[in-house]
Amino acid sequence: MLQTPARADQAAAPLLEVRRITKAFGGLVALQDVSFVIWPGQIKGLIGPNGAGKTTLFNLITGILPPLSGDIRYRGRSTIGLPQYQIAGLGIARTFQNVQIFAGMTVLENVLVGLHRHMRSGLLDAAIRSGRSRREEQAAHKRARALLEEFDLLDRADEPAESLPFGLQRVLEVARALATAPSLLLLDEPGAGLSGAEKGRLTDRIRKIRDDGVTVFLVEHDMELMMGLADEVAALDQTMLIAEGPPAAIQNDPAVIAAYLGEEERGDAS
Amino acid sequence: MRGRLSGSTVGFLIAAALVLAIGWLEGTRPGGVSLPRLTAGLLTLDLLIRAGVFTIILVGLNLLMGYAGQVSLGQAAFYGLGAFFSAILTVKARNIGIPDVVAGAWWWAWVVMVVGAVIIGALSYLIGWAILRLRGHYLAMATLGLGIAVFIILRENLGLPRLNLTGGFDGVVGIPRLRIGAYLVWPVHRYFMLVWAVALSTIALGLNLVRSRIGRALRAIHGSELAAESLAVAAPRYKAQILAISAALAALAGSLYAHFQAAVVPATFGFVPSLQLVLMSAVGGMASIWGAPFGALAVLLLEELLRTKLAVIFPGVKGEFEAVAFGLLLVLVLLFWPRGLTGRTPGPLRRPAAAKG
């Protein structure tokens with residue numbers, strides 16, 4: 001933060017930069033020399049066959065795993081070595097491929113945990129129920145209910161979260177992530193297990209999230225969903241970035257086609 | 001909310017009224033009527049005081065296990081450290097060079113009690129950063145080891161036999177009664193009211209805590225630490241904080257116990273008491289603050305029944321059998337009654353709800 005760039009440059013600065021990231025588990029390489037950039041305000045997609053390293057990349061960006069080498073910069077600042085919760089605190093929220101709903105808590109409480117970041121009352125406030133903590137709590141409840149309304153979940157606010165059908169658990173996870181008011185939202189296969197109609201609604205929601213000013217980075221196996229949604233797509237295959245560009249170009253990229261055809265062949269063989 | 005009393009407030013008022021009524025009854029014994037006579041000898045002030053002491057520990061243990069999902073099989077260690085801290089600094093103040101003017105003052109025991117809880121809380125915060133990175137069985141093993149280590153350290157005189165601070169096997173005797181100025185918190189019905197005043201305050205504190213953003217964060221960590229951290233919840237800090245709070249409460253309870261019994265021995269704070277605490281927590285309902293008093297009372301009453309009736313059923317049974325009975329009961333409660341008397345959601349042994357498509 002020594003030099004403040006001019007305003008025009010700030011708008012053009014990347015939100016997230018992945019620079020030459022390599023990751024291995026034991027001797028098994030998961031990602032090799034992967035670099036790309038996410039610009040503010042875009043919906044960026046990441047595609048690739050199973051095992052290409054998509055979820056690993058998410059886990060590296062959110063600090064669940066450390067990379068072997070390379071750098072990840074968020075708003076120009078390296079996030080390598082920061083614990084997961086601090087990276088989340090910078091404004092990077094995510095959902096999980098295998099939904100991670102807080103069981104034993106209500107739908108409303110799940111979203112309230114998302115608002116945790118914006119509340120300030122500490123242990124002492126909580127223990128004596130200070131005026132500040134009560135006011136903060138009221139405001140949080142109001143905000144959480146508004147979010148649930150936006151996601152058509154308000155009528156189930158007081159139900160145990162684990163009682164929601166799978167599709168709605170995914171929706172709840174997105175609402176909960178948005179409660180943190182992130183600048184960058186990472187969605188890990190949000191369409192998995194959803195019906196056609198649900199996917200349509202999901203697409204509209206993701207567009208709206210972007211229009212509300214949140215940059216979206218999306219991993220999706222479903223090519224069709226990705227093509228209609230993303231502004232720009234990166235393709236991973238066998239640990240490497242093989243293509244990057246507008247969806248139409250990616251769809252016709254020979255390397256991408258080969259990767260997906262290869263997967264089908266591999267699938268047939270097994 | 002204004003003008004309407006919540007269920008907890010009503011429960012709280014009832015509990016406070018009960019404490020006052022029992023204190024008054026035992027203090028005056030109108031017409032020779034007393035609590036033991038009304039309850040066929042089952043309920044005594046001695047038992048109720050011990051239940052109050054355990055309630056203080058259990059509020060902390062339930063926050064730690066039932067809410068945050070961090071298993072502790074060594075909670076009696078903090079209880080013992082608090083008891084011996086008070087015992088040593090009131091009885092053996094001279095041995096460690098504290099002048100009589102200070103150690104003889106009425107407020108000294110209270111200062112020791114509070115300082116002990118703070119120091120033991122702070123220590124466990126540091127321990128927490130190390131061991132709370134462990135999960136599930138590993139955390140249980142680590143706390144079990146911690147409990148046994150503390151027990152041995154107390155029994156072996158802190159490794160300083162020349163100073164003879166803990167008294168080894170024999171412990172410390174002659175711990176003074178508490179005073180407020182010239183007012184002695186004794187006979188026993190006064191002490192009963194003191195212990196339950198602290199216990200009820202602890203319950204109030206616990207209730208406030210679980211209804212706050214911190215309580216939600218703890219439950220979220222319990223549900224999925226990964227997801228909690230992805231929402232910027234500083235899981236390591238909260239886990240260490242809640243361990244520190246539970247340890248400080250256990251230490252406070254230990255001090256109250258020491259001034260009640262007037263004597264402490266290490267055996268009171270070994271592995272079996274830790275197991276007893278987990279059993280109380282499970283019986284009362286781990287994920288519940290009100291589970292604390294109910295669990296403590298239920299298990300103490302059961303013990304009392306076992307103690308008086310068991311020898312009738314199985315002649316010759318004694319001593320070590322207690323641990324066997326606790327172990328068996330714990331398994332049965334966890335298997336068939338995971339919510340306990342008051343719990344809404346099961347404790348840390350609950351399987352996370354499967355969320356597969």
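Student: How many bridges join β7(A) to strand β8 (residues 215-219) of chain A?

Tutor: This is a predicted model: local features need pLDDT of at least 70, side-chain atom pairs count only at pLDDT 80 or more, and totals for chains, interfaces and linings use all residues. Residues are numbered from 1 along each chain as its sequence is written, with chains lettered from A and ligands numbered from 1 in the order written. Strands are DSSP E runs of at least two residues, helices H or I runs of at least four, numbered from the N terminus; strands pair if DSSP finds at least two bridges between them. β7(A) and β8(A) run parallel, and the bridges joining them number five.

Student: Which helix does the chain pass through from β7(A) to β8(A)?

Tutor: This β-α-β crossover is right-handed (clockwise from first strand over helix to second, strands pointing away from the viewer). The helix, residues 196-211 of chain A, is α8.

Student: Which residue in β7(A) stands opposite Ile92(A)?

Tutor: Strand β6 (residues 92-94) of chain A pairs with β7(A) in the parallel sense, over three bridges. Thr215(A) in β8(A) is a bridge partner of the residue asked for. Opposite Ile92(A) stands Leu184(A).

Student: How many residues of strand β7 (residues 184-188) of chain A are buried?

Tutor: Buried means 20 or more other C-beta atoms, placed from the backbone, within 10 Å of a residue's own. Leu184(A), Leu186(A) and Asp188(A) point one way, Leu185(A) and Leu187(A) the other, and all are buried. The strand is largely enclosed by the rest of the structure, because the buried count is five of the five.

Student: What percentage of the 270 residues in chain A is buried?

Tutor: Chain A has eleven helices and ten strands. Its buried share is 43%.

Notes. Buried ≥ 20, exposed ≤ 12 C-beta atoms within 10 Å, placed from the backbone.
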